[in-house]
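Please keep the sequence and the 3D view at hand.

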Amino acid sequence: MEPLLRLAVPTDAPAVAELMQSSVLSLFPAYYDQAQTASAVRHIAVLDQALIDDGTYYVHEAGGEIVACGGWSRRNKLFNASVAGADERLLDPATEPARVRAMFVRGDWTRRGLGRAILNACVDAARAEGFTRLALMATLPGVPLYKSFGFTEVETAELTMPDGVVLGAVAMERAVDLNGDQR
């Protein structure tokens, strides 16, 4: 069954939150140790309801289940962790990049183009609002997807979670019109 890409709605929130946690539990152990994975479940796999409320968050639904999610934001919050703490002000599309946020795929649905489809939707929507660049903070499992989509590394980072656990991450950016899209 081909998954349907659509904007998330408020009633999707419980399924999205569950997907986020199952994705971390499934995919993070290949990149992080047990303590880091457990910390990421508590602090990274946290739904930011503002993404759904702003109409900038997408889900892939297959057989009545949400199997992938992700989106973008016009707000000044670079990543989804409960430690993000950035202000929620609206970004200036003329001078600041839109943020790609909270990308998660269920472990048994990886490598099927779902993340790429979400990223294409993000590019199209950000372009329509006048943004010329996208920025994100990638956890290590997402780096290969983002690189293949034209994102380049700005710098490596160490994200300290509220419980003191440190996760390696990579700040990345790309132009909105990087030879069109990456479909």
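The second largest pocket is lined by Arg6, Asp12, Ala15, Glu18, Leu19, Ser22, Glu61, Gly64, Glu65, Ile66 and Arg106. A pocket here is an open set of points on a 1 Å grid over the protein atoms alone, where a 1.4 Å probe fits, with protein on both sides within 12 Å along at least five of seven lines; its lining residues have an atom within 4 Å of a point. The model is predicted: local features need pLDDT of at least 70 and side-chain atom pairs count only at pLDDT 80 or more, while totals for chains, interfaces and linings use all residues. Residues are numbered from 1 along each chain as its sequence is written, and side-chain values use heavy atoms, with hydrogens and water left out.

Helix 1 gives the second largest pocket the largest share of its lining, 4 residues. Helix 1 and strand 3 (65–73) each supply at least two residues there. Helices (H or I, at least four residues) and strands (E, at least two) are DSSP runs, numbered from the N terminus.

The largest pocket has a lining of 35 residues, and Leu27, Val105, Pro141, Gly142 and Leu145 lie nearest its centre. Two or more lining residues come from each of helix 1 (13–27), strand 4 (98–105), helix 4, strand 5 (133–139) and helix 5 (143–148). Strand 4 provides the largest share, 6 residues.

The table sets out volume and lining classes. A volume is the space filled by probe spheres set on the grid points, which are joined across faces, edges and corners. Ala, Val, Leu, Ile, Met, Phe, Trp, Tyr, Cys and Pro count as nonpolar, Asp, Glu, Lys and Arg as charged, and the others, Gly among them, as polar.

| Pocket | Volume | Lining by class |
|---|---|---|
| Largest pocket | about 800 Å³ | 23 nonpolar, 8 polar and 4 charged residues |
| Second largest pocket | about 160 Å³ | 3 nonpolar, 2 polar and 6 charged residues |

**The chain as a whole**

The chain has 5 helices and 7 strands, in the sequence order β-α-α-α-β-β-β-α-β-α-β-β. Its C-alpha atoms fill a box of roughly 40 × 40 × 30 Å along the principal axes. The radius of gyration, taken over C-alpha atoms, is compared with a globule rule of 2.2 Å times the number of residues to the power 0.38. For 183 residues a compact globule would have a value near 16 Å, and the chain, at 15 Å, agrees with this.

Of the 183 residues, 48% are buried; buried means under 20% relative accessible area, exposed over 50%, and partly exposed in between (1.4 Å probe, protein chains only). Contact means heavy atoms within 4.5 Å. Among contacts between residues at least 6 apart in sequence, 70% join residues at least 24 apart.

**Helix 4**

Helix 4 covers residues 114–128, 15 residues in total, and its first and last C-alpha atoms are 21 Å apart, close to the 21 Å expected at 1.5 Å a residue. The expected span is 1.5 Å times one less than the number of residues. Its buried residues are Leu114, Gly115, Ile118, Leu119, Asn120, Ala121, Cys122, Val123 and Ala126. Just after helix 4, Gly130 has a positive phi of about 90°.

**Single residues**

Pro3 sits in the segment before strand 1 (4–7) and is buried, at 13% relative accessibility. Apart from neighbours within four places in sequence, Pro3 contacts His60, Glu61, Ala62, Val67, Trp109 and Leu114. Pro3 and Leu114 are 111 residues apart along the chain, yet their C-alpha atoms are separated by 8.3 Å.

Arg74 belongs to the loop between strand 3 and strand 4, and its relative accessible area of 19% makes it buried. With neighbours within four places again left aside, Arg74 contacts Asp54, Thr56, Arg89, Leu90, Leu91, Glu129 and Phe131. The C-alpha atoms of Arg74 and Glu153, 79 residues apart along the chain, are separated by 21 Å.

Most residues other than glycine have a negative phi. Ala102 has a positive phi, near 55°; Ala102 lies in strand 4 and is buried, with a relative accessible area of 9%. Arg111 also has a positive phi, near 60°. Arg111 is in the loop between strand 4 and helix 4 and is exposed, at 86% relative accessibility.
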